[in-house]
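Here is a short report on one protein chain. Keep the sequence and the structure open while reading.

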Amino acid sequence: MKPKKLSLQLTAIVLSTLTILPSSANATSNYTYKPGEYVTIVDGQSPSGQFSIAAHGEGAYGYEHFHIYLMNAKTEKPIGPLEEIKETLDTGADAFYAQWSANSREVSITYRVDRHVAMMVRYRIERGRAHLINGPSKVEGLPRH
């Protein structure tokens, strides 16, 4: 192969790689939270309107002290972190999905721990607190919205 043709092929490979990288970097949802800011996750408001599930973190991209919280929806104050949800890939509230029972007594939360690995945790809400039912367990992908 001639040196000029090889050089053109290498340039094409490098340019196509640089074009692909930004789109794959956007696959992670991150958010830099303001102090005291809790953002409700997808479908995070309970049907009763009494509770919500929200995300909060600190530092650049929200990774420091990141947690998902059970919140009092009326006062917008955190009740407590859902400690079983950890080692998450994302920090943006839009990357976490809640599914509430009709009576607001149970909630499942689905999230990613890797680009292609989703987990789900189920809680029972009793006396204003979240109690683990099961999980985290691997599931087949995230809910569709």
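## Aromatic pairs

There are 4 aromatic pairs in the structure. This is a predicted model. One of the pairs joins Tyr 38 and Tyr 69 in an edge-to-face arrangement. Their ring centres are 5.2 Å apart, with 85° between the planes. The pair links distant parts of the chain, 31 residues apart. Tyr 38 sits in the loop between α1 (3-25) and β1 (39-45), while Tyr 69 belongs to strand β3. Tyr 38 has 27% relative accessibility, so it counts as partly exposed. Tyr 69 is buried, because its relative accessible area is 11% and the buried class runs under 20%.

Phe 96 and Tyr 111 make another pair. Their ring centres lie 6.1 Å apart and their planes meet at 20°, so this pair is stacked. It too links distant parts of the chain. Phe 96 lies in the loop between β4 and β5, and Tyr 111 in strand β6, 15 residues apart. Phe 96 is buried, with a relative accessible area of 1%. Tyr 111 is buried as well, also with 1%.

## The nonpolar core

In soluble globular proteins, nonpolar side chains tend to be buried together. Here, the largest nonpolar core has 22 residues. Which residues have the most contacts inside it? They are Ile 41, Ile 53, Ile 68, Ile 85 and Ile 109. Five strands, β2 (51-58), β3 (64-72), β5, β6 and β7 (117-126), are the elements that give two or more residues to this core. The largest share comes from β7, with 4 residues.

Take Ile 109 as an example. Leaving aside neighbours within four places in sequence, Ile 109 is in contact with Ile 41, Ile 53, Ile 68 and Ile 85, among others. Its partners also include Leu 82, Tyr 97 and Tyr 123. Met 119, Met 120 and Val 121 touch Ile 109 too.

## Salt bridges

Side chains of opposite charge can pair when their charged atoms come close. The structure holds 4 salt bridges. One of them joins Asp 90 and Arg 112, with the closest N and O atoms 2.8 Å apart. This pair links distant parts of the chain, 22 residues apart. Asp 90 is in the loop between β4 (77-81) and β5, and Arg 112 is in strand β6. Are these two residues buried or exposed? Asp 90 and Arg 112 are both buried.

Glu 106 and Arg 122 also meet in a salt bridge, at 2.8 Å from N to O. Glu 106 lies in strand β6 and Arg 122 in strand β7, and the two are 16 residues apart. Glu 106 counts as partly exposed because its relative accessibility is 32%. Arg 122, at 26%, is partly exposed too. In another salt bridge, the closest N and O atoms of Arg 124 and Glu 126 are 3.4 Å apart. Arg 124 is partly exposed, with a relative accessible area of 33%. Glu 126 is partly exposed at 31%.

## Strand pairing and hairpins

β2 and β3 pair in the antiparallel sense, over 7 bridges. In this pairing, Ala 54 stands opposite Tyr 69 of β3. The β2 and β3 hairpin has 5 residues between the strands. Within this hairpin, Gly 59 takes a positive phi near 75°.

β3 also pairs with β4, again in the antiparallel sense, over 4 bridges. Leu 70 has Gly 80 in β4 as its bridge partner. The β3 and β4 hairpin has 4 residues between the strands. In its turn, Glu 76 has a positive phi of about 60°.

## Ser 104 in its loop

Where does Ser 104 lie? It is in the loop between β5 (97-100) and β6 (106-114). Its relative accessibility is 4%, so Ser 104 counts as buried. A polar atom of the Ser 104 side chain lies 2.9 Å from the backbone nitrogen of Ser 48. Not counting residues up to four places away in sequence, Ser 104 touches Ser 46, Pro 47, Ser 48 and Ile 125.

Key: Residues numbered from 1 in each chain as written. Predicted model: local features only at pLDDT ≥ 70, side-chain atom pairs only at ≥ 80, totals over all residues. Heavy atoms only, no water. Buried < 20%, exposed > 50% of the residue type's maximum accessible area, 1.4 Å probe, protein only. Polar contact = N/O pair within 3.5 Å; in protein donor to acceptor, adjacent residues only side chain to side chain. Contact = heavy atoms within 4.5 Å. Core = buried A, V, L, I, M, F, W, Y, C linked by side-chain atoms within 4.5 Å. Salt bridge = Lys/Arg side-chain N within 4 Å of Asp/Glu carboxyl O. Pairing = 2+ DSSP bridges. Phe/Tyr/Trp six-rings, centres within 6.5 Å; stacked < 30°, edge-to-face > 60°.
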